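Please open the model in a viewer and keep the selection tool at hand.

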Amino acid sequence: MRETATPQLAYERLHPDVPEVAFLASDCLPGRSPLSRCGECAEACPVDALQAARGTLSLADTCLRCGQCAAACPTGALRVSGFPRSETLDGPVEDSAAELPVECWRVPREAMDSGSLRVPCLAGLDSGTLAELSALRDAPLVLVNRGWCESCPAGGKTAPMAASVAVAASALESAGAPPQRWPRVEDRPLPARRAASKSIPLPECETRLGRRELFRQMAGRSAGGALGGAGLDSPAEGAAETRPLVDKIAALPRQRLSRAVQTFANTVPASLSPRLGMDESRCCNQRVCASLCPTGALRVVNDGNGSGLDFDPADCIACELCVRVCPERALELAPRDGVSGPLIRHAHQYCRECRAFCPGNREEGLCASCAKKYGLLADGGYELLFGKPAEHPRDDAVAPGRDETSPGRAGTGPREELKGVEENL
Amino acid sequence: MAKWGMVIDLDKCTGCQACTTACGMENDTLPGENWQDVLFYTEGEYPSGQMKWLPRPCMQCEDPSCVHVCPTRATYKDPDAGGIVFIDWDKCIGCKYCMIACPYGVRFFADEAPLVEPDLKEIFPGSGGQLWDPPGQSPDQDRKRGIGVQPKGVVSKCTFCYHRVSKAPEGVPDLDEDDPELVDYVPACVRTCPPKARFFGDLDNPESNVNKLIANKNGIRLKDHTGNRPQVCYLGAGAGIPAFQPKS
């Protein structure tokens, strides 16, 4: 049910000494298009170990493996091992009436509840995962704040996990979830001297203690290898096939959030639905936006009523690539109140010369390639190629792009016999 | 590295479209996906109608509009490969922005309903993500340069037959089809042109025949005001059939 295609994809290590951090270049927005200004991962890194430039990431060995870069990534192009992935859970899970405390790896096991979920750093949980883990259970997810974050190298502030918890909680709230199922942060201070280490311990120290068993308890079922992140503990290097850019990506964090709210509401609430505004007078139906849309939220539609675009805010990650690429600047994006459905429809048009279906909103009645053909003769191109026009003044108007009678006259060629075309003209 | 250029003599061109056919056979393009096309223009009316034509390959512009607009950097000009403009089919998303931007209309998207029946994509269905499985011999697949059978949903264009041209010996000024040493490296349209209206050579080499032709016969570039600076030049006073002149 929750299987996705991602585990087979070529996640690669960013640094040979940091196998925990894996990167899928084909899902990275600036890697897909230079129009993207996304640099969330590098911004989120608390120790500036991650540098992002034009879709290539470089990681220094000072990486703490805290997962904050992965939590910030809007498309799930980054993964850090040690964090639960809600895709691999079927919900609702058994034995889920009790609240689930989430602790960081620095907390010693004897200081915490036995059933706790342990993650390298609480700030490395993205809001989608928090929301979905909460939605799958009856009781809330409690992120336990031990009061060490401010002095922790991965934290640097009082409660770095609070932002994504707030996003997840407000998402569930707007979907109508009862308050007891919202994730929350709870302060249970512990003296800093009781911390198991000064910073996030290495995964070897943690896995020895059986993180997987604990998570299995929480899931109430045999979790298998997938929970630890299949293909992540040993990410493939180099040789694996990359996904062509023409394929759409899954944008897992957004999907998690959508799934979580859809367990309570049938649709994604307005506060979580980006709204794509369309200036219908500008749109020329070129569909560049839909091709560039990384998730497929913007789709090309051809049906009996015409051709145009459909928009589904549930898949939209508000990356704004469509807005930036639109040749006519016809789109604008607002953070909320988006509705699913048709965005724009244009009447079907057929080229009056070649009779081809032309998606563009073409006033002159010629498809793009026929317009280009006559465009070569415009602006002095005719004189350049063929010399001065013929002497007969009647035959003067050679550039038929501007001459209504010339190219598309009825009866000029065999194409007029094509069925079902004339009535559409 | 050479900067490959093509010269087309419109005084010689007969509009026979052998170049179009040769290109389609060489590169396994679909009907209508004519990387090398001959455009026909009619003017006037019976009995004084005229026909003119213009062979049109990709101009391989020095400053290509298509490269500037590509939102994924899939199309690029490769100065190390003779200044040819290629499409990386792994990066192309089929958005067709390049087709909008190209002033010459020499880019094609074949993954749509065909203009001619039957649809060859259905008769020779492709496997492994390929658009179709052409019955003929294709050049070796080079997805990074847009050579070979194309995958679904990408834009394609003339590559100046890079799979041939790239094998030419270093430093030759011209790829002349009459030279038995070089004939295998000549682009298909140049190789096949029955009236020998096409010439192919190195624009960076002052000794090359193409440069001499452009200089001596006043070669022109199409739509020069766009600043694209094509690497294809036209010679002559145009190709066409003169109008019928009734005796007075």
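**A hairpin in chain B**

In this predicted model, begin by selecting β4(B) and β5(B), which form a hairpin with 5 residues between them. Within the turn, B:Gly82 has a positive phi of about 80°. The two strands, β4 (residues 75-78) and β5(B), run antiparallel and are joined by 4 bridges. To see one facing pair, select B:Lys77, which stands opposite B:Val85 in β5(B).

Next, display the side chains of β5 (residues 84-87) of chain B. Are its faces covered or open? Both are covered: B:Ile84 and B:Phe86 lie on one side, B:Val85 and B:Ile87 on the other, and all are buried.

**The contact between the chains**

Now show both chains together. The contact takes 33 residues from chain A and 39 residues from chain B. On the chain B side, the elements that give two or more residues are β2 (37-43), β3 (50-56) and α3 (97-101) of chain B. Colouring that side by class shows 22 nonpolar, 10 polar and 7 charged residues.

**Helix α5 of chain A**

Move to chain A and select residues 162-174, helix α5. This helix has 13 residues and reaches 18 Å from its first C-alpha to its last, close to the 18 Å expected at 1.5 Å a residue. Which residues of α5(A) are buried? They are A:Ser164, A:Val165, A:Ala168, A:Ala169, A:Ala171 and A:Leu172. These residues cover an arc of only 160° around the axis, so they are on the same side of α5(A). In an α-helix there are 3.6 residues a turn, so residues three or four places apart point the same way.

Within the helix, select A:Ala166. This residue is partly exposed, because 16 other C-beta atoms lie within 10 Å, a count between the 12 or fewer of an exposed residue and the 20 or more of a buried one. A distance drawn from A:Ala166 to A:Cys354, C-alpha to C-alpha, reads 57 Å, with 188 residues separating them in sequence. Following α5(A) is A:Gly176, whose phi is positive, near 90°.

**A sheet in chain A**

Finally, select the 3 strands of chain A that form an open antiparallel sheet in the order β1-β2-β5. The edge strands, each pairing on one side only, are β1 (12-13) and β5 (78-80). Strand β2 (residues 21-23) pairs with β5(A) over 3 bridges, and A:Ala22 stands opposite A:Arg79 in β5(A).

Note on methods
Residues numbered from 1 in each chain as written. Chains lettered and ligands numbered in written order. Predicted model: local features only at pLDDT ≥ 70, side-chain atom pairs only at ≥ 80, totals over all residues. Contact = placed C-beta atoms within 7 Å. Nonpolar A, V, L, I, M, F, W, Y, C, P; charged D, E, K, R; others polar. Pairing = 2+ DSSP bridges. Expected span 1.5 Å × (residues − 1). Arc of directions from axis to C-beta.
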